[in-house]
Amino acid sequence: MNDQESYSQEGDTPSFADLPLATEVQEAIELIGYETPSPIQAQAIPYLLEGRDLMGVADTGTGKTAAFGLPILTNLDPKGGGPQALCLTPTRELAIQVAEALESFGNRITNFQALPIYGGSDYGRQIRGLKNGAPVVVGTPGRVMDHINKGTLKLEKIRTLVLDEADEMLCMGFIEDVE
Ligand code: AMP
């Protein structure tokens with residue numbers, strides 16, 4: 001069974017077209033080949049589009065990245081001016097994976113970039129990406145703190161904060177950095 005088949009439509013599950021997502025976002029998910037929102041997407045996206053806080057609990061592989069990513073992309077201010085969303089992840093692998101997924105959802109949005117920032121990697125590229133005004137930053141807590149303290153990651157324009165795999169971040173002892 002592939003990913004699409006595993007999200008078969010049941011009862012009154014909405015289609016993506018029923019969700020008030022930006023046209024560019026609708027186009028991108030159509031290109032990627034998603035047909036039906038997964039349950040966490042169908043339940044979370046309408047709330048998040050209203051700007052509400054939400055705690056999503058669903059198994060790995062159930063589409064949580066798009067559940068938080070599609071509303072972030074829909075609500076982006078095209079005027080930019082610095083990061084508008086910050087996603088914290090427990091590991092660098094997840095930071096890279098989430099940034100890649102967000103870039104695929106944002107591939108119809110002009111100049112969209114989701115910048116991964118994580119420890120053990122060169123600061124130069126990360127600082128250049130931040131200076132270029134990446135609208136979404138995805139990073140591990142320690143390196144995100146470093147950039148905040150250096151003044152290279154500015155938080156004034158952040159409207160959305162995502163704690164991805166928050167339980168994992170707590171298990172890994174990131175509570176102080178996350179706070
Ligand atoms: P995630 O839980 O966000 O890591 O997503 C797991 C996998 O499901 C990824 O390969 C996604 O591309 C895929 N996926 C997410 N949402 C959908 C959807 N609505 N329809 C089909 N595949 C999806």
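Predicted model: local features only at pLDDT ≥ 70, side-chain atom pairs only at ≥ 80, totals over all residues.

Trainee: Which residues are buried in helix α6?

Mentor: In α6, which spans residues 123-131, the buried residues are Gln126, Gly129 and Leu130.

Trainee: Why are these residues on the same side of α6?

Mentor: The general idea is that an α-helix has 3.6 residues a turn, so residues three or four places apart point the same way. Here, Gln126, Gly129 and Leu130 cover an arc of only 100 degrees around the axis, which places them on the same side of α6.

Trainee: What does the face turned away from the buried side of α6 carry?

Mentor: That face carries the exposed residues Arg128 and Lys131. As for the buried residues of α6, their cover includes β2 (114-117), β3 (136-139) and α7 (141-150).

Trainee: What is found at the start of α6, and what just after α6?

Mentor: At the start, a side-chain oxygen of Asp122 comes to within 3.2 Å of the backbone nitrogen of Gly124. Just after α6, Gly133 adopts a positive phi of about 85 degrees.

Trainee: Are the faces of β2 covered or uncovered?

Mentor: Both faces of β2 are covered, with Ala114 and Pro116 buried on one side and Leu115 and Ile117 buried on the other.

Trainee: How many bridges join β2 to β3?

Mentor: There are 4 bridges between β2 and β3, and the two strands run parallel. Within β3, Val138 stands opposite Pro116. The chain passes from β2 through α6 to β3, forming a right-handed β-α-β crossover.

Conventions. Residues numbered from 1 in each chain as written. Heavy atoms only, no water. Buried < 20%, exposed > 50% of the residue type's maximum accessible area, 1.4 Å probe, protein only. Arc of directions from axis to C-beta. Contact = heavy atoms within 4.5 Å. Polar contact = N/O pair within 3.5 Å; in protein donor to acceptor, adjacent residues only side chain to side chain. Pairing = 2+ DSSP bridges. Right-handed = clockwise from strand over helix to strand, strands pointing away.
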